[in-house]
Amino acid sequence: MPGVDDGTNASAVSTTQVKAEAPFDPTTYAELEEIAARYPQARSGLLPMLHLVQSVEGQVTSRGIEACAEILGISAAEVSGVATFYTMYKRRPVGDYHVGVCTNTLCAIMGGDLVFERLKDHLDIGNDETTDDGKITLEHIECNAACDYAPVMTVNWEFMDNMTPESAVQLVDDLRSGTEVHSTRGPRLCTWREAERVLAGYPDDLADEGPSAGPASLVGLNIAREQGWTAPSVKQARQSAAEPDAAEGDTTADKAEGSHEAEHQESAAKVEESGADAKHEDNPANPGEDEK
């Protein structure tokens, strides 16, 4: 779309002569159809389809939106509504490496804000901007559920843990120079377009490369193993809920229901004690003004 996808000034584009974008190549279009066919309801494939568009286009473009809409039998406006709702879909070109810095509460307190400010200064770009060489797109992002490794960054959605301003600068310098970089809890880093293709459902066979969890995430598991603790199976949990308590003769469900009943009775008793019920206008024992 002129003025949105191609970087031109919208006011400078003629509203009467708009050059149509070339359609996707047959291979990409066939893959979009393949994704839609994975689901009982084709529309459920829209999210991975948009990831595939980004893997090819480097962003969500108008022709990508039109192609998805055509395949799914919905309007371009509906596709655009999804693409603009989720922050993982970009309407501006993304560099080879999307670098996200968590600035949510804990990461910010632990140094995330300092990391982000240092990177903006070092790269000479602002939030959601890309370096002139097209290598790095920088963005502050919300919680990544990795608070035990704060402050945390991501590169193309792979974790980089326990970052400092210094290590963050070294990271982006390595990425720009072509040095191979491995994520803290995952494989070696690929380009953003390659990562987007994986999210579209086309594996890159790197899933088993690198550790899948760090020491902080495994503390609970290690304690359980040391103590010999195991989680009950679904069958065991259901049996436990159905078995009566030896002392009281009630099942777990009965106790829950009894608890609610007890709360109701306690509340009713308090109302009666306060005399509010006797004074209420709907109480038959309390005559209205006309009957007094």
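Which residue in E3 does His 98 stand opposite? His 98 stands opposite Thr 137, within a parallel pairing of strand E1 (residues 97–102) and strand E3 (residues 136–141) that runs over 6 bridges. This is a predicted model, in which local features need pLDDT of at least 70 and side-chain atom pairs count only at pLDDT 80 or more, while totals for chains, interfaces and linings use all residues. Residues are numbered from 1 along each chain as its sequence is written, and side-chain values use heavy atoms, with hydrogens and water left out.

**Sheet and covering helix**

- E1 and E3 belong to an open sheet of 5 strands with mixed pairing and the order E2-E3-E1-E4-E5, where two strands pair if DSSP finds at least two bridges between them.
- The edge strands, each pairing on one side only, are strand E2 (129–130) and strand E5 (158–160); helices (H or I, at least four residues) and strands (E, at least two) are DSSP runs numbered from the N terminus.
- Helix H6 (residues 165–177) lies across E1, E3, strand E4 (153–155) and E5, and runs at about 5 degrees to E4, with axes being lines fitted to C-alpha atoms, for helices over the stretch in contact (heavy atoms within 4.5 Å), and angles running from 0 to 180 degrees between N-to-C directions.

**Nonpolar cores**

- A nonpolar core is a set of buried Ala, Val, Leu, Ile, Met, Phe, Trp, Tyr and Cys residues joined through side-chain atoms within 4.5 Å, and in the largest one, of 23 residues, those touching the most other members are Leu 32, Leu 46, Met 49, Leu 50, Cys 68 and Val 79.
- At least two residues of this core are supplied by each of helix H1 (26–37), helix H2 (46–57), helix H3 (62–72) and helix H4 (76–85), and H3 gives the largest share, 6 residues.
- Not counting residues up to four places away in sequence, Leu 32 touches Phe 24, Met 49, Leu 52, Val 53, Ala 67, Cys 68 and Ile 71.
- A second, separate core of 21 residues includes Leu 123, Ile 125, Met 153 and Val 155.

**Cysteines**

- The structure holds 0 disulfides, a disulfide being a pair of cysteine sulfur atoms within 2.5 Å.
- Cys 102 is in no disulfide, the nearest cysteine sulfur being that of Cys 107 at 3.6 Å, and Cys 102 is buried at a relative accessible area of 2%; buried means under 20% relative accessible area, exposed over 50%, and partly exposed in between (1.4 Å probe, protein chains only).
- The sulfur of Cys 143 lies 4.3 Å from the closest cysteine sulfur, in Cys 147, which is too far for a bond, and Cys 143 is partly exposed at 44% relative accessible area.

**Backbone exceptions**

- Most residues other than glycine have a negative phi, and most peptide bonds are trans.
- The peptide bond from Ala 150 to Pro 151 is cis, with omega near -5 degrees, and Pro 151 is placed in the loop between E3 and E4.
- Asn 162, in the loop between E5 and H6, has a positive phi near 50 degrees and is partly exposed, with a relative accessible area of 48%.

**Aromatic cluster**

- The structure holds 2 aromatic pairs, where rings of Phe, Tyr and Trp (its six-membered ring) pair if their centres lie within 6.5 Å, and planes under 30 degrees apart count as stacked, over 60 as edge-to-face and the rest as tilted.
- Phe 85 and Tyr 86 form an edge-to-face pair, 4.9 Å centre to centre with 85 degrees between the planes.
- The rings of Tyr 86 and Tyr 89 are also edge-to-face, with centres 6.3 Å apart and planes at 85 degrees, and ring pairs link Phe 85, Tyr 86 and Tyr 89 into a cluster.
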